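Reader: Could you walk me through how this one is put together, and please spell out your terms as you go?

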Amino acid sequence: MSIARLTDPERAAMLPGLAGWDHDPARDALRKRFEFRDFSAAWAFMSRVALLAEKHDHHPEWSNVYNRVEILLTTHDAGGLSQRDVALARAIDAL
């Protein structure tokens, strides 16, 4: 199954609805930084996101330093942003 990259009009319509997510034009990706009270809270969040990503069959690039988690979403098969990235971003925000 082929995954389509978002068109410019689709991207323009969807990105304003993703609070706190920034578009990284160099990677054609969504990026968001989350901060928590401590390492345990950050790790618990990552565990919940990992389960969610498995459910969506779409996995983020991410990093964790103490109480911070940075998530980058892009669809490698599409060569940039796809509807899968937008759906996972919304699901992560719903946590």
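Author: Below we go through the sheet and then the helices. This is a predicted model, where local features need pLDDT of at least 70, side-chain atom pairs count only at pLDDT 80 or more, and totals for chains, interfaces and linings use all residues. Residues are numbered from 1 along each chain as its sequence is written, and side-chain values use heavy atoms, with hydrogens and water left out.

Reader: What order do the strands of the open sheet have?

Author: The four strands are ordered 1-2-4-3 with antiparallel pairing, where strands (E, at least two residues) and helices (H or I, at least four) are DSSP runs numbered from the N terminus, and two strands pair if DSSP finds at least two bridges between them. Strand 1 (22-24) and strand 3 (61-65) are the edges, each pairing on one side only.

Reader: And how many bridges join strand 2 to strand 4?

Author: Six bridges link strand 2 (residues 29-35) with the antiparallel strand 4 (residues 68-73), and Leu30 stands opposite Leu73 in strand 4.

Reader: Which strands does helix 2 touch?

Author: Helix 2 packs on the sheet and touches strand 2, strand 3 and strand 4, contact meaning heavy atoms within 4.5 Å.

Reader: Switching topic, at what angle do helix 2 and helix 3 pack?

Author: Helix 2 (residues 39-56) and helix 3 (residues 83-94) pack at about 140°, with axes 10 Å apart; axes are lines fitted to C-alpha atoms, for helices over the stretch in contact, and angles run from 0 to 180 degrees between N-to-C directions. Among the residues making this contact are Phe45 and Leu52 of helix 2 and Leu88 and Ile92 of helix 3.
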